[in-house]
Amino acid sequence: MTSAPVDGVEHRQLKDSVYLKLRQEIVSAKLPPGYLLREAELAARFGVSKTPLREAFVRLEKDGFVEIAPYRSAVVGGYSRQDLREIYEVRELLEGLCAREAALNIATEDLAALSRIVRDSTAAFEAGDSDRLAALLDEFDVVLYAQSKNSRITAMLNNIRDHVIRIGRLTVAIPGRMGTSVREHQGIYEAIVQRDGQRAETLMRQHILSVMADQLANLDPESVAGRP
């Protein structure tokens, strides 16, 4: 009598696990744009049937990571120039709101974290430690994202974040971009310290538009293949 509910729970857990594994492999570029998602191959590698894989493909298609054509296998999707514009436009709005919220309501410990990140970012840039700097720039965003108390905004940020991470890993390093980001983060931090919500939002939106402009100007068509 109790086996059906247990099976249902196990199925949900299994399909969530398969979905998360595939999403992580796509975000990390282990599965690159254009990669054919062969059900038999993935089922054997994950040790599952084809059913949770097909359910994962549908979820990933809704997330914008997979393309499923009628009567064809699923394929890892890529990004067109329009895709990139749309992603950065959403970032501009959402992260601008987070910066404003930070300026108005940031907790003491989070402000201290931003201070450390900005200081360490400058040091990493001056030392030429690009790996450390990339991690710090990412950490700055994480702290700002945490300022949102709106669960829907947080969910949207989490989805966009994976796309942003993936785009960064699929594109070549942009000359001068990291130094510009360090300076722009410094300005955003100073506005937050001054509790100037409008300026913090404006500077964050300008920062996102600056990153978008550099991404589009330095776009490597091969690195974001998969869409025309």
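**Exercise 1. Which loop holds Arg195, and what is its phi?**

Step 1: Arg195 sits in the loop between helix H8 (177-193) and helix H9 (197-217). Helices here are DSSP runs of H or I with at least four residues, strands are runs of E with at least two, and both are numbered from the N terminus.

Before going on, a word on the model: it is predicted, so local features need pLDDT of at least 70, side-chain atom pairs count only at pLDDT 80 or more, and totals for chains, interfaces and linings use all residues. Residues are numbered from 1 along each chain as its sequence is written, and side-chain values use heavy atoms, with hydrogens and water left out.

Step 2: Look at the backbone. Most residues other than glycine have a negative phi. Arg195, though not a glycine, has a positive phi near 60 degrees.

Step 3: Check the surface. Arg195 has a relative accessible area of 41%, so it is partly exposed (buried is under 20%, exposed is over 50%, partly exposed is in between, with a 1.4 Å probe and protein chains only).

Step 4: Now try Ala29, in the loop between helix H1 (3-27) and strand S1 (36-37). Ala29 has a positive phi of about 70 degrees, and isn't a glycine either. With a relative accessible area of 24%, Ala29 is partly exposed.

**Exercise 2. Is Leu31 buried or exposed, and what does it touch?**

Step 1: Find Leu31 in the loop between H1 and S1.

Step 2: Read its accessibility: at 3% relative accessible area, Leu31 is buried.

Step 3: List the contacts (heavy atoms within 4.5 Å). Setting aside residues up to four places away in sequence, Leu31 touches Leu22, Glu25, Ile26, Leu37, Arg45 and Val76.

Step 4: Look along the chain. Leu31 and Gly77 are 46 residues apart, with 9.9 Å between their C-alpha atoms.

**Exercise 3. What is the strand order in the open sheet?**

Step 1: The three strands go S1-S3-S2, with antiparallel pairing (a pair needs at least two DSSP bridges between the strands).

Step 2: Find the edges. S1 and strand S2 (66-68) each have a single partner strand, so one side of each has no neighbour in the sheet.

Step 3: Zoom in on one pair. S2 and strand S3 (residues 74-76) run antiparallel and are joined by three bridges. Val66 has Val76 in S3 as its bridge partner.

**Exercise 4. Where is Ile192, and which residues are in contact with it?**

Step 1: Ile192 belongs to helix H8.

Step 2: Its relative accessibility is 0%, so Ile192 counts as buried.

Step 3: Beyond its neighbours within four places in sequence, Ile192 is in contact with Ala99, Ala102, Ala103, Ile106, Leu111, Leu114, Leu144 and Ala200.

Step 4: Take one of these, Leu111. The C-alpha atoms of Ile192 and Leu111 are separated by 8.2 Å, while the two residues are 81 apart along the chain.

**Exercise 5. How many residues does helix H6 have, and which are buried?**

Step 1: H6 (residues 130-145) has 16 residues.

Step 2: Compare its reach with the expected span (1.5 Å times one less than the number of residues). From first C-alpha to last, H6 covers 23 Å, close to the expected 22 Å.

Step 3: Pick out the buried residues of H6: Leu133, Leu136, Leu137, Phe140, Asp141, Val143, Leu144 and Tyr145.

Step 4: Relate that to helix geometry. An α-helix has 3.6 residues a turn, so residues three or four places apart point the same way.
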